[in-house]
Number of protein chains: 2
Amino acid sequence: MTGTRSGKTRAQPLRSMAPTRRTARPAVVLDTLNGHLGYFIRRVQVWIFQDFIRALAQIDISPAQFSVLVVISANSGLSQAELAATLGIERARLARLLHQLQGRGLIQRLESSDDGRRHALQLTSQGRTLLTRAKTLAARHERQLIERLGVERHSMLLQALRDF
Amino acid sequence: MTGTRSGKTRAQPLRSMAPTRRTARPAVVLDTLNGHLGYFIRRVQVWIFQDFIRALAQIDISPAQFSVLVVISANSGLSQAELAATLGIERARLARLLHQLQGRGLIQRLESSDDGRRHALQLTSQGRTLLTRAKTLAARHERQLIERLGVERHSMLLQALRDF
DNA sequence: TATTGTTATACTCTATAACTATA
DNA sequence: TATAGTTATAGAGTATAACAATA
């Protein structure tokens with residue numbers, strides 16, 4: 001097997017996520033995982049989401065809920081199908097997600113006048129208030145992420161992934 | 001055994017993942033999501049995993065199963081706790097994951113001589129054969145990813161995310 | 001017939017807790 | 001007491017299918 005033992009590329013990724021090791025065993029080798037973007041992107045995505053959840057824990061808003069509130073707010077009257085397509089969420093899952101948000105009094109579903117099938121989505125005034133707070137907390141989370149990555153690396157990643 | 005998890009995922013840029021719109025409504029606005037790395041990293045991670053699953057569908061190996069097989073192969077005799085810590089998988093989940101792989105005859109759990117609690121993990125010869133095939137298919141998946149991203153952007157992402 | 005939104009099902013993943021056996 | 005591994009449970013998330021109302 002091709003363990004990357006020589007040289008400088010012996011990556012020990014995400015050290016902070018693994019518990020401290022105190023054994024005498026040599027560091028575990030990731031072998032060909034080192035060449036797979038999917039492996040590292042998954043690890044970092046999980047880390048970022050956990051940090052986001054912590055950052056917004058006081059208002060109990062998940063990453064998915066945040067993205068839904070932001071897009072409804074910026075596109076008032078959007079239908080569920082449009083919202084689902086925009087965020088890549090299944091229509092079925094979005095229905096339950098919106099049901100929760102409606103139960104918390106954060107959104108309204110108005111019947112569309114020109115198409116009886118559609119629900120025109122809007123934030124309630126309570127939803128607008130909460131979203132303002134959520135954006136503040138999310139911005140703080142992002143600032144810490146920028147501190148950790150460095151400004152240049154953060155914006156490089158943002159651009160590369162946005163253009164994917 | 002569960003069947004293949006096929007997905008009809010779109011092999012298109014995220015920007016064009018929204019369905020074609022026939023109305024006069026302007027394009028849906030992402031607002032502050034545009035500044036959040038977590039949003040885009042999640043979208044890309046999901047896309048890459050779906051592509052990986054398609055690429056290895058013929059041998060029914062998921063991303064998590066692949067990472068487990070690779071790391072066991074490169075670190076023979078590893079314990080479950082070490083493997084779990086390396087990959088960031090919960091011990092409880094790893095136990096079930098290994099149970100499946102053992103049921104498929106891909107791995108062995110030998111009792112450690114010096115510590116009766118530990119299981120020394122190894123691939124079976126069948127597991128080694130399958131892993132060779134899996135690595136070939138995964139490498140093909142990665143090459144297509146490189147084609148899509150461009151070599152420089154791929155290695156930039158790999159390094160930035162590995163050093164996270 | 002196709003689309004919008006809904007409900008239901010199944011499976012995966014994450015996060016715990018509780019348990020055993022070993023140390 | 002602490003650790004390694006297991007089992008169980010609950011809650012998200014994902015992927016389908018089927019359905020009613022509407023177009």
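A helix here is a DSSP run of H or I that is at least four residues long, and such runs are numbered from the N terminus. By that numbering, A:Gln45 is found in helix H1 of chain A, and the notes below use such element names throughout. The model is a predicted one, so every value in this briefing is computed from predicted atoms.

**Chain A as a whole**

- Chain A contains six helices and two strands, and, when read from the N terminus, these elements follow one another in the order α-α-α-α-β-β-α-α.
- Chain A has 164 residues, and 46% of them count as buried, a class that requires a relative accessible area under 20%.
- When contacts in chain A between residues at least 6 apart in sequence are considered, 52% of them join residues that are at least 24 apart.
- The accessible surface of chain A amounts to about 8,800 Å², and carbon and sulfur atoms make up 49% of that surface.

**How the two copies are related**

- In general, two copies of a chain are related by a rotation about an axis together with a shift along it.
- Here, chain A is superposed on chain B by a rotation of 180° with 0.0 Å of shift along the axis, and the RMSD of this superposition is 0.1 Å. That is the relation of a two-fold axis.
- Of the interface residues of chain A, 94% are also interface residues in chain B, so the copies meet through the same surface.

**The surface near DNA strand C**

- DNA strand C is surrounded by 22 residues, and the closest of these are A:Arg42, A:Gln50, A:Gln80, A:Ala81 and B:Arg93. Of the atoms of DNA strand C that come within 4 Å of the protein, 64% belong to sugar and phosphate.
- From chain B, a polar backbone atom of B:Gly116 is 2.9 Å from a phosphate oxygen of DNA strand C.
- Two or more residues each are given to this surface by helix H1 (37–55), helix H3 (80–87) and helix H4 (91–103) of chain A, and by helix H4 (91–103) of chain B. The element that gives the most is H4(A), with four residues.
- Sorted by class, the surface near DNA strand C consists of 12 charged, six polar and four nonpolar residues.

**Residues of helix H1 in chain A**

- A:Gln45 is buried, with a relative accessible area of 3%, and the side chain of A:Gln45 is joined to that of A:Arg42 by a polar contact of 3.0 Å.
- When neighbours within four places in sequence are left aside, A:Gln45 is in contact with B:Ile41, B:Arg42 and B:Gln45.
- A:Phe49 is also found in helix H1 of chain A, and, with neighbours within four places in sequence left aside, A:Phe49 is in contact with A:Pro63, B:Gly38 and B:Arg42.
- The C-alpha atoms of A:Phe49 and A:Ala64 are separated by 9.9 Å, although these two residues are 15 residues apart along the chain.

**A residue of helix H2 in chain B**

- B:Ala64 is found in helix H2 of chain B and is partly exposed, with a relative accessible area of 21%.
- Apart from neighbours within four places in sequence, B:Ala64 is in contact with B:Arg93 and B:Leu97.
- Between B:Ala64 and B:Ile41, which are 23 residues apart in sequence, the distance from C-alpha to C-alpha is 18 Å.

**Positive phi angles**

- Most residues other than glycine have a negative phi.
- A:Asp31 is not a glycine, yet A:Asp31 has a positive phi of about 55°. A:Asp31 belongs to the segment before H1 of chain A, and A:Asp31 counts as buried, with a relative accessibility of 2%.
- B:Asp60, another residue that is not glycine, has a positive phi near 50°, and B:Asp60 is placed in the loop between helix H1 (37–55) and helix H2 (63–74) of chain B.

Key: Residues numbered from 1 in each chain as written. Chains lettered and ligands numbered in written order. Predicted model: local features only at pLDDT ≥ 70, side-chain atom pairs only at ≥ 80, totals over all residues. Heavy atoms only, no water. Buried < 20%, exposed > 50% of the residue type's maximum accessible area, 1.4 Å probe, protein only. Contact = heavy atoms within 4.5 Å. Areas by Shrake-Rupley, 256 points an atom, 1.4 Å probe, with all protein chains shown as cover. Near = heavy atom within 4 Å. Polar contact = N/O pair within 3.5 Å; in protein donor to acceptor, adjacent residues only side chain to side chain. Nonpolar A, V, L, I, M, F, W, Y, C, P; charged D, E, K, R; others polar. Least-squares fit on C-alpha atoms with pLDDT ≥ 70 in both.
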